Amino acid sequence: LDSVENSLLGVHTNHGKRVACIASVIGQESYGLTGKETAELSSCAVMHDNALTEYIASELNFEPDSDGKNQEKFGRHCEIGERNFRLMPFDDHLDNVILYHHENSDGTGPFRLMEKEIPLYAQLIHFADIVDATFFLGKIDAAKKDRISDFLRENASWFNPKISAAFTEIYMSGNFEELSDGKIDETL
């Protein structure tokens with residue numbers, strides 16, 4: 001998955017692991033997830049883009065889109081990933097986590113769900129996925145922190161405010177080192 005995401009989307013190495021770490025830490029700190037719940041969330045997070053190659057092969061004309069016009073089309077990646085994820089030996093309560101991991105809290109995602117309709121794990125993964133894919137959190141400097149803060153403010157409606165606030169509190173104060181390529185395996 002790491003190689004596919006890097007080759008096809010240009011995201012940096014260890015993206016899935018960083019998504020798992022960020023989602024899990026926020027889940028524990030802000031939602032009191034247990035060890036078992038954290039392990040489940042981490043598994044979902046690492047697998048969040050398991051359908052990329054199949055999806056891109058089926059949508060050769062896919063163009064990434066920043067204005068939201070292809071949201072329904074992009075939902076196909078989530079549907080394929082959910083189907084694949086259900087073939088793995090996870091509990092039923094994890095259904096729809098992969099399916100809805102690209103939903104925005106304001107209803108502008110591929111399935112047009114509002115925050116209260118989106119599973120918590122999907123919201124956590126969505127946040128970590130977008131922020132890491134956009135900014136590569138494995139290497140941070142002051143200028144990038146400023147751009148992240150601006151991005152979160154400008155796109156606040158996309159994310160659960162409790163998750164955004166937790167990220168800011170936990171990571172923006174300087175805990176990004178644990179997400180670096182050299183430390184991510186130990187952190188995870």
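Predicted model: local features only at pLDDT ≥ 70, side-chain atom pairs only at ≥ 80, totals over all residues.
Residues are numbered from 1 along each chain as its sequence is written, and side-chain values use heavy atoms, with hydrogens and water left out.

**View 1. The protein chain has nine helices and zero strands.** Helices (H or I, at least four residues) and strands (E, at least two) are DSSP runs, numbered from the N terminus, and along the sequence the chain reads α-α-α-α-α-α-α-α-α. Of the 188 residues in the chain, 47% are buried, where buried means under 20% relative accessible area, exposed over 50%, and partly exposed in between, with a 1.4 Å probe and protein chains only. Among contacts with a separation of 6 or more, 64% join residues 24 or more positions apart, a contact being heavy atoms within 4.5 Å.

**View 2. Helix α2 (residues 15–31) is mostly covered.** The end C-alpha atoms of α2 are 23 Å apart, which agrees with the 24 Å that its 17 residues should span at 1.5 Å a residue; the expected span is 1.5 Å times one less than the number of residues. Just after α2, Gly32 takes a positive phi of about 65°.

**View 3. Helix α2 packs against helix α8 (residues 161–170).** The two helices meet at an angle of about 105°, with their axes 10 Å apart, which makes α2 roughly perpendicular to α8. Axes are lines fitted to C-alpha atoms, for helices over the stretch in contact, and angles run from 0 to 180 degrees between N-to-C directions; angles under 35 degrees count as roughly parallel, over 145 as roughly antiparallel, 65 to 115 as roughly perpendicular and the rest as oblique. On the α2 side the contact is formed by Ile22, Val25, Ile26, Glu29, Ser30 and Tyr31, which meet Lys162, Ile163, Ala166, Phe167 and Ile170 in α8. These residues divide into eight nonpolar, one polar and two charged, with Ala, Val, Leu, Ile, Met, Phe, Trp, Tyr, Cys and Pro counted as nonpolar, Asp, Glu, Lys and Arg as charged, and the others, Gly among them, as polar.

**View 4. Helix α6 (residues 120–135) crosses helix α7 (residues 142–154).** Their axes come within 11 Å and cross at roughly 135°, which makes α6 oblique to α7.

**View 5. Ile130 in helix α6 touches Phe151 and Phe159, not counting residues up to four places away in sequence.** Ile130 is buried, with a relative accessible area of 17%. Ile130 and Phe159 lie 29 residues apart along the chain, and their C-alpha atoms are separated by 9.9 Å.

**View 6. Leu52 lies in helix α4 (residues 52–58).** Leu52 counts as buried at 3% relative accessibility, and its C-alpha atom is separated by 8.3 Å from that of Leu1, 51 residues apart along the chain.

**View 7. Ser105 and Arg112 both lie in the loop between α5 and α6.** Ser105 counts as buried, at 8% relative accessibility, and, not counting residues up to four places away in sequence, its contacts include Leu113, Glu115, Gln123, Trp158 and Asn160. Arg112 is partly exposed, with a relative accessible area of 40%, and its phi is near 60°, a positive value in a residue other than glycine.

**View 8. Phe136 is found in the loop between α6 and α7.** Phe136 has a phi near 45°, a positive value in a residue other than glycine. Most residues other than glycine have a negative phi. At 13% relative accessibility, Phe136 counts as buried.
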